[in-house]
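Please keep the sequence and structure at hand while reading.

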Amino acid sequence: MFNPFKLCLRSFLIGTLSFVLSGCQFGFMSVENEKAPIKEAFNFSTNPLLVPSRLAVSFDSLRLNQKFPAQKQVRLGRCEPMQISVANLKSSEVALLSDVSVDLSSGNSADEFYLSSSCTGTQIIKVTLKKGESYKIVYYKPKAVGNRSIFAVNNLFSSVGASVSVLRVATSLRINNSPSLTHAGECSTGFTMTALDFLGQPIPKDFPLSSTDPSYLAITSSLGNPTFYSDSSCSTILANIQLPMGQHTTGFVYLKVPSNFSGIRLNSTLTASFLWNDLDLEKTYGKVDSAGVATTFTRETTQIEFENVPQSVNVGTCSGGFKVVLKDKQGREFNEASNRVITLNTTFPGDFYSGPNCSGSAIGSSSANGFSYLIGSGSSAVLSFKPTSTAVGRSTFSAETTLLSGLKRATATMTVDRKATQIVIESGPPSVNVGVCSGAITLKVKDALNLDFNESPRSISLASDVIPGGFFTDSICSNSAPVLSLLAGQTSKVFYFKPSTTATGDTTISAASTLVPLDLTSSARGIRVVRLATQLVFEINPANLKVFDCAGPFTIVSKDNLNNPFTEIDKPITNLSSTVQGSFFTDNSCTNLQPIKISTSQPRTSFFFKINSLDVSGEARFTVGTGDLSVTSGLIPIHRIVFDQTFNSNGKWTDGANGEVLALAKYMDGYVIGGQSGGRAYLKKLSSTGTPTVLYSDSNSSFSQSSIHSILVEGNDIYFAGHAVSAADGNRNWLYGKVLLNSTPVVWNADTGTSTDSAIGIESVSPSKVAIIGNRFEVQICNKSDGVCDCLVTDTSTGSPTCTSNYVSPASGINIAKKTAKDSSDQIWVVGSSDSKMSVMRFNPLSLSSSLPIPTQLFSGAVGTANAIAFDSFGNALIVGGISNLFLAITRLNSNLTVDLTFGSNGLVQDAVASEGFDIAIEPSGGVDNILIASASSNQMLIRRYQPNGTFGNPNNSNSNLISFYPLISEAKRLIRDGYKIVLGGKAGGLSAVTRIHP
C-alpha cells in the first residue's frame, strides 16, 4: 500500500512524459486507485489519453474494449490464457512508457501461473510489461474447484481482478486390472473402469440422469463379440455398465471368448467410452475420451490322456494298442504346436512300441525317469507296451510334458503273483553325532530279483546292536517309531536314528519282519556314532544388571547335544559380546580383562560384566562363541536406577544430628533442604556435589521446638514456612521467613488462633505477596518484605474497625492439610484429609474473600490422606497418599475436582508395596508422563515408577528400587527431578538424608 506522503516526494519520468504520483492536490486530474485509497495525479504535457492509469484482466477476450462476461468458467487442471492489459482513464488500451512489474495472485493459494502455454516450466508470481507494450498474455492453471478472484496488481495503477469458477469434470476413462492372458472358453480375471478428471484424478459422477437419457459405459473388443459378465463365474451377462451417481469407478467386469475359436493366438483390444447424449451435459462437462487396453487370448494344450488302455496284460506279452491324446481345457483334441515331446513312464519294467502290436524295435523302455517320445504334428499317437520282468504286480502308465501346466491322466493293468523276500537298508548317513537326529535312512522291501515290491501290509522292527538309540519317522526325531508299518503296495520307508548315550563307536542298524507269507531276510547298515561339543550354555545368570555395577558371575559350560558337559576340547572364547554397552571381566571387581577360555581341565568358566553407559535400557542379551560353537543367553533385565557417584562420592548424604528432610527444592546449581535437626528448624544449601552450607538454624530461646515444611525459591531468594512451639504456653504457631542472597535470614512468627497450627505450604502470589497455607487448610496473604498478612475479617462492634482474624478457614470438620502446589493458571491446590478422607482444595489467591470460605472436596471414597500433588503435561492433577487398607494410593482429578475414572481402577491405584506415598513428581519420557512416587518399604527409601494410566512399570524396566542406606533404616519424604537425575530427601538412621540417583 502507498504512503501518500512518500508519493508527494517522488516524480517519475516515463519516456518523455513526466508525471507525479501523490496524495496531495496539484490541481491536475486525478483518478481513484481501486487497490489502495490514494489519489493518482498526473502532470503531463501530451495527450492525457495516452497516459496508462489502470490494469485490466480478461479470460475471454484478447481485446480490452470488447465486452466480456463478469465471471468465467474454467476447468480444473486446464491451462487457461489470461490477458493483462494496460488502459487509460477511458478504459482504452495504451502502450506503456516504461517497464511495469505486475504481481499475480489467486483466491486459492494452490493455483499456478506460467509463461508457457502448456503450463509447464517455472511457475511465476510476477510478470513484466515492457515499454511500448499494452498487454501481456500469461497462463493460469487452477488446482482446486470453486469460485475465486484473480488479481493483477501494480501500485502505480489501479488494479482489478477477474472472477472465475473452477469446474471439475470427467475428461477420460481408465481400464484397471485388465486381463493380460485369457484362454478361449474361460472366464477372465475382473477389471474395472474409472472416470478421471484433467489432472488424472478419479472423479465421481455428479450430474443427474433421466430414464430417457441413460449415460452408460460401452465396451467393445477387436476380437469380435466377446460376452461380458458381472460375476467371476461368467454366468450373468452384462449388457451395459452403469456409472452410478457419485461414483467414479465401475464394479468388476469379466469377459469370455467363445471356446470354439480356432488358431494359435488371438490378440484383442478392449475399448470403453461414455455415451452422453444431452447437449447441455456435453457442453458443461465435456466429452469423455475412450480408454483401451490390449488383451491376448490363447487356445492351448492343457492335458494328456490315455484312451483304450487294456485292463490287464501278461508278463512278456503285448498290451494291445492304446492311445496317447493331447487335449485342451475343454477336453477336445488339440495340439497347437507340431512335434510335441512327452515323457512316457510306467512303474513296472517294460518296453514301449509304436503301433498296436508291439512290432518292430522298441521305441523306449520304462525307467526311473521314463523316456522321451515325439508326437508328430497331430494331437495323438497309438502305442503298445510289453512288460520285460518275470516279476508281477501292478503297473501305472504316465505321460507328461514340461511344456504343459495342466492335467495328466494315467491307467494301470497287470496282475502277476510276486513275493517280498528281503529288506534292504539302501541309503543313510555314514555317521551321526550323539544326541543328533541322523538324517534320512531309506528302507525298502524287495522281491528275489531285487525289484521293489510289497503286496500286503507289513510291520518291520528296527534295532541298533552296539550304541543304544531311538528310531523316528521325522527329521527332528520327535515321532518315535521302533516298528515301521508298510501298507500294501508301499515298498519303501524313511526313518531316522538318534543315539541316546555319550558312548561312541560303530553300530549296526538292522531291520526284520516275521509276517507271512515268508519271513523277510534281515539286512543291516553300519553307522559310526561320534560325540562333539556342540554348544556353549549360560548356566548361572544374575536376576538383573545394574548400571555401573560389576554384575556376575555368569558361568559358561561346553556341552554336547544331550546337554552333558564335554571336557575334551581346549577352546578360547573368541567373541563374547553383549547387546548393551559394557565390558567383560574375569574378576568380581571388574578390573581384569584377561581372555576367557574353556579347557579340558576346566569345562566351565565364569565372567563378570559391567554396564558403563547411562543410555542403556530394556534387557541385555549375551552372545558367546569359539568360532565353531555358539549360543545366545536368555534376556536379562537392566535396572538403571543407581546411585550418582558424583554426589558426595557415593550418591548419599546425611548430616550429623538427629532430624529429617521435610522440604526440598532446586536452588542454583544445587539444592536447598529444610526440616528439623535436633528438634529445631534448619535450612541448608547442598552443592551439586553434596557439600552442605547452613542458611538458617533456629536458636530462638522462646521456641521449644520448630520445623520447616515448605520452601519457595524465586531466583536467588528463598522463602520458607513451618511451625514453632512456644516455650511459654506450648502452643504451636506458624513460622515463616526468607533468606535473600548474601543476607541474614529474616524470621516471622504468627499465632493463627489455635494451639496446633503449622504452615505446610508457601506459594508466590505476586511480586510482593505470598500465600501461606496452614495445616487446617487456612490461607493467609502476606507481604514478602515484612511478613505482615492481610486483614481478611474485621470487627466494627467496638466502633473503630479491628482486625479479629487474618485467615480464611475451610468448612467445618477435622481438616489436616499436607502439601501445596501451583498449577499453570496460578491456582493454588492444597491436599490432605477432611473428616478422615482424602481431600483437595483449589483457590485463586488473588480473589480471597472473608465472606466466601473455601470448602474442601472429598474424592475417591477411600478413607485415608493425600500427601502430595503434581501436574502432568495435560494439566491433570495427580495426588498420592495412603488409604485405610495400608496401601500406597494414587488418583487423578479432572478440572472440576472429580475423579478421572479412566485412571487405574475406577480412578484409584492401590499398591501394597508400601503403606503410604509421601511425594510425587512427573517424569516425561518418550512423549508420555511417567509418575514417580517417593515412599519407604522394607525399612529403606523407595522410588516407584508408574505409567500414565496408573499401571506399574514401563518398557525400560527401571520401575522400582529400594534406595539402600543399609544398615540405616531410611524413608523418602520428598522427591524432585534435576534434569535426568532424581533427588530424594528424608531420613536415614534418624538423620537428615539426601540421595541422588540416575533414572
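pLDDT is the predictor's confidence in each residue, on a scale from 0 to 100. The model is predicted, and its average pLDDT is 78, with 74% of the residues scoring at least 70.

**Salt bridges**
- The whole structure holds 24 salt bridges.
- One of them joins Lys444 to Glu426, at 3.3 Å from N to O.
- Lys444 sits in strand β34 (residues 441-446) and Glu426 in strand β32 (residues 422-427), so this pair ties together parts 18 residues apart in sequence.
- Lys444 also meets Asp452 in a salt bridge of 3.5 Å, N to O, and Glu426, Lys444 and Asp452 form a linked network.
- Glu426 is partly exposed at 33% relative accessibility, and Asp452 is partly exposed at 32%.
- Asp911 and Arg944 form a salt bridge of 2.8 Å, N to O.
- That pair links strand β73 (residues 908-911), which holds Asp911, with strand β76 (residues 940-946), which holds Arg944; the two residues are 33 apart.
- Asp911 is buried at 11% relative accessibility, and Arg944 is buried at 10%.

**Lys819**
- Lys819 belongs to strand β67 (residues 815-822).
- Lys819 is buried but has no salt bridge; Asp919, the nearest side chain of opposite charge, is 4.0 Å away.
- Beyond four places in sequence, the contacts of Lys819 include Ile760, Trp829, Asn867, Asp919 and Arg974.

Methods. Residues are numbered from 1 along each chain as its sequence is written. This is a predicted model: local features need pLDDT of at least 70, side-chain atom pairs count only at pLDDT 80 or more; totals for chains, interfaces and linings use all residues. Side-chain values use heavy atoms; hydrogens and water are left out. Helices (H or I, at least four residues) and strands (E, at least two) are DSSP runs, numbered from the N terminus. Buried means under 20% relative accessible area, exposed over 50%, partly exposed in between (1.4 Å probe, protein chains only). Lys and Arg count as positive and Asp and Glu as negative; His and the chain ends are not counted. Contact means heavy atoms within 4.5 Å.
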